[in-house]
Amino acid sequence: MTLPLINGTVDDVTKCWDLTETDLERFREVQQLAYRCAETTAADLEAGVTERQVAKRMRRWLQDQGVDDWFHLPFAWFGDRTAFRRFRQPLQFFPTNRKLEDGMPFILDCAPVHEGYTADIGYAGALGDNPALDRLLGDLAEHRTLIVEQVRERRPLREVYEAVDTLAAHQGYENRHRAYPFRVIAHQVDKLPPGTGPVVGRFGLRSLRWLARTTAVGLRQGWSPLWNDTRLSDHPPTPGLWAVEPHLGLRGVGAKFEELLVVTDDDAYWLDDDLPHVRRSAAPAEEVPT
Amino acid sequence: MTATAPTRRWVTSHDVDLAVDERGPSDAPTVVLVHGYPDTSAVWAPVAERLADRYHVVTYDVRGAGASGAPEGRGGYTLDLLVDDLAAVVDAVSPDRERKVHLVGHDWGSIQGWEAVTTEPLAGRVASYTSISGPGLDHVAHWVRARLHRPTPRHLGQLLRQGMRSWYIGAFHLPGTTLVWRAGGARHIHHTLVRLGELPKGSEPAATLARDGALGLNLYRANVLRRATRPAERRTDVPVQLIVPDGDRYVTPALLDDTARWAPNLWRRDVPGRHWLPRTAPDHLAAWIAELVDHVESGEATDPPSLRRLRADAAPVVVVTGAGSGIGRQTALSFAERGATVIAADIDGDAAARTALLCRDLGAAAVYHQVDVGDADAMEALAKSVEQDHGGTDVVVNNAGIGMAGPMLDTTANDWERILRVNLWGVIHGSRLFGRQMAARGDGGHIVNVASAAAFTPSRGYPAYATTKAAVLMLSECLRAELSGVGIGVSAICPGIVNTGIVTTTRFVGVTDGEQARRQQATKRLYSLRGYGPERVAEAIVRAVDRDKPVVPVTIEARFGRALSRLSPRLSRRLARLDPTGRI
């Protein structure tokens with residue numbers, strides 16, 4: 001396929017589609033590890049624990065498993081912070097001393113790098129019962145299908161973003177990924193050279209640098225590794241690995257998933273289907289009396 | 001209702017002869033109405049007449065008032081004696097001790113009522129009690145103590161407000177006040193109350209007012225200080241209906257906030273009005289009394305919907321039209337988040353059902369109705385079913401609307417009919433039917449009509465849409481004036497550019513289908529980029545109801561448009577010549 005390139009080819013920056021099966025297998029392993037971390041941490045959550053404590057637990061768990069670098073350090077959001085209510089600036093994403101209470105929704109988000117292979121995952125749940133969250137999780141499955149189908153059709157990423165918005169509005173949810181920096185629903189990741197690096201403002205410097213460089217090149221060539229609903233994303237899907245994170249909110253309850261989408265020249269598929277939010281069956285429909 | 005002369009009988013209690021009047025069939029349930037100070041049983045006449053065709057209605061002049069005798073000295077006016085009087089009247093008019101009576105008290109009559117349902121003499125004889133503007137004296141003392149014990153700013157405010165309205169009680173303890181009543185003060189006080197709007201215009205003072213006013217001071221002198229300093233914990237299991245007028249000059253609504261502590265089986269009806277409801281709102285008052293009497297007589301364990309909504313834990317009932325998407329859906333969710341019972345109406349039944357489902361996820365009760373707001377019969381059916389199932393509506397949000405853009409000269413008659421039907425007739429039906437329902441019920445409510453910034457921002461770009469919205473704005477303003485006296489608030493909400501589905505369904509007249517789709521898509525992007533979510537309008541709607549705001553422009557462009565239309569209509573007209581749809 002041809003990309004709307006101005007100078008050179010995409011090869012200049014990224015070799016994503018040159019990833020071998022072995023590479024993809026390594027990405028899959030890191031993603032499994034990250035989800036295992038989220039599931040283990042979620043299973044141990046108790047009322048009274050704070051976001052900071054939980055973020056630290058995830059960090060330690062991943063480091064014990066050999067994680068040597070980060071796309072970003074783990075995040076944890078509790079209660080209405082899962083829907084990014086009244087978030088105005090990036091520091092508000094950072095873990096706080098908000099305590100988990102019974103019935104509260106939570107989101108765990110971690111992005112470990114292991115020997116250069118990055119995962120970026122999001123895991124939503126609730127301590128005890130939360131019907132709104134159950135429905136959100138069930139409905140997020142539709143978005144998972146929608147996204148991969150539309151990318152497969154090679155619709156411009158901006159339009160895919162808008163389709164997600166339309167579906168969310170139809171379902172009655174707010175698009176909360178627009179609260180992320182640059183309103184992104186996804187960003188690209190790639191294989192980094194094995195190694196480790198400093199963390200700046202909770203983000204791994206090596207990953208940030210890669211992203212900045214890729215963005216710079218992309219901008220010149222008419223595409224962007226940051227997928228949002230602006231003109232910059234008005235291009236067909238760029239081959240590579242995309243960490244896709246649709247984030248929906250119903251008032252004070254937010255839910256998301258985040259996982260890697262493999263985009264090739266003529267196809268797209270989710271890197272792994274054996275993930276908690278995929279295994280979970282959609283919530284059964286409920287009758288409302290008139 | 002036929003006004004028949006009451007039958008008079010005399011009942012003697014502790015050597016005082018009480019003048020007792022009876023109306024209506026003697027085999028019907030007995031309702032005893034006790035008057036306050038400085039009234040006589042005449043204050044109840046309009047209500048008694050309205051109740052007399054269905055109930056055995058009893059009124060009497062309490063000791064020291066009207067035709068009844070008066071004891072010597074203030075010691076003859078203690079609440080114990082007053083309750084004994086009431087018991088003697090009840091025994092006389094309803095000798096069958098198996099049959100309980102329904103008690104209603106106003107002002108000091110209500111204070112006596114509280115005493116009666118919490119003490120021995122009438123134990124087991126009262127089936128229900130309706131209390132109007134008169135808290136139990138011991139309850140008041142506990143209310144004050146509770147607030148002094150926890151002197152939060154809110155509590156202190158309540159104390160201050162009540163204190164400012166209770167100054168006269170202190171004055172009544174001064175020696176000179178008896179003389180004031182006797183020496184012609186009575187007429188003056190009566191006319192002052194009429195002038196203040198407390199009593200209806202043209203009402204004449206009772207012939208015995210001077211004597212009643214002077215003797216009745218003993219009610220205060222014999223009881224208030226004693227109960228204030230040594231309050232007892234008086235409780236009752238009798239079903240109690242509190243009727244609380246919001247404009248009571250003597251009893252603030254907050255003074256009754258702790259009543260459930262003493263009477264757990266409680267309904268509270270907050271209503272618009274002043275202190276003398278028996279005189280100013282006899283129709284409503286009779287209906288409210290009858291509602292409780294009928295319910296208690298029926299022996300049903302569960303409340304009918306009309307009473308259920310008066311329970312402390314009852315959720316307000318909110319009807320939202322166009323609740324299947326956009327501002328309507330978000331408004332439903334905003335009210336649901338605050339615990340309201342939501343009735344989601346939309347022409348798209350599935351979308352309305354989805355909204356109801358989401359409301360339930362937020363913990364609220366919710367149902368949906370598929371309804372075309374432009375269809376008078378369908379709207380009538382909706383109003384009727386809401387009344388039947390939920391006992392009426394507290395808030396109705398007439399939100400359903402469609403968009404239309406393009407030149408006036410290209411707008412066909414069909415286009416006009418279509419947009420008028422939804423945007424204007426929908427609001428007319430909603431306001432008319434639910435407004436009438438609220439007014440008939442008498443305890444207030446709120447109507448919200450969703451207009452638009454287009455209502456005051458003329459433009460060649462959307463003449464049909466702006467016309468309908470301007471009409472909605474004016475309708476709301478007029479209706480607000482009309483309903484101001486009956487406690488029903490009306491708000492017009494005027495949102496500017498809000499990112500909702502209305503854009504994708506807006507009809508652009510006078511262009512090809514392809515151009516239509518292109519404009520819809522382009523407008524949608526513009527609206528999305530503006531990024532003002534419908535949930536923010538929903539919050540503005542909730543605030544408008546809370547604060548009873550008349551007109552609420554939402555978004556900066558709406559506020560700007562409104563300011564411009566007032567400050568410089570000329571500039572507003574110039575800007576109207578720009579064609580916003582031509583540029584997208």
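I call a residue buried under 20% relative accessible area, exposed over 50%, and partly exposed in between (1.4 Å probe, protein chains only). This is a predicted model, where local features need pLDDT of at least 70, side-chain atom pairs count only at pLDDT 80 or more, and totals for chains, interfaces and linings use all residues. Residues are numbered from 1 along each chain as its sequence is written, chains are lettered from A and ligands numbered from 1 in the order in which they are written, and side-chain values use heavy atoms, with hydrogens and water left out.

**Entry: chain B overall**

I looked up the fold elements before anything else. Chain B has 21 helices and 17 strands; these are DSSP runs, helices being H or I with at least four residues and strands E with at least two, numbered from the N terminus. Of the 584 residues in chain B, 57% are buried. I also checked contacts (heavy atoms within 4.5 Å): in chain B, 77% of those with a separation of 6 or more join residues 24 or more positions apart.

**Entry: salt bridges within a chain**

My rule for a salt bridge is a side-chain nitrogen of Lys or Arg within 4 Å of a carboxyl oxygen of Asp or Glu. Over all chains, the search of the whole structure gives 61 of them.

I picked Arg50(B) and Asp283(B), whose side chains form a salt bridge at 2.6 Å, N to O. Arg50(B) sits in helix α1 (residues 45-51) and Asp283(B) in helix α10 (residues 282-298) of chain B, so the pair ties together parts that are 233 residues apart in sequence. Arg50(B) is partly exposed at 25% relative accessibility, whereas Asp283(B) is exposed at 52%.

With 10% relative accessibility, Arg158(A) is buried, while Asp234(A) is partly exposed at 37%.

I noted a network too: salt bridges link Arg269(B), Glu291(B), Arg309(B), Asp394(B), Arg441(B) and Asp443(B).

How much area do chain B and chain A bury between them? I get about 2,100 Å², 45% of it on carbon and sulfur atoms; buried area here is the accessible area (1.4 Å probe) that two parts lose on being put together, summed over both. The contact takes 26 residues from chain B and 26 residues from chain A.

Across this interface the rule finds 6 salt bridges. Glu337(B) and Arg251(A) meet in a salt bridge at 3.4 Å, N to O.

Which elements of chain B each supply at least two residues of the side that touches chain A? I listed α12 (326-337), α13 (349-361), β11 (366-370), α18 (513-530) and α19 (534-547). The largest share, 7 residues, comes from α13(B). By class, that side of chain B has 10 nonpolar, 7 polar and 9 charged residues; Ala, Val, Leu, Ile, Met, Phe, Trp, Tyr, Cys and Pro count as nonpolar, Asp, Glu, Lys and Arg as charged, and the others, Gly among them, as polar.
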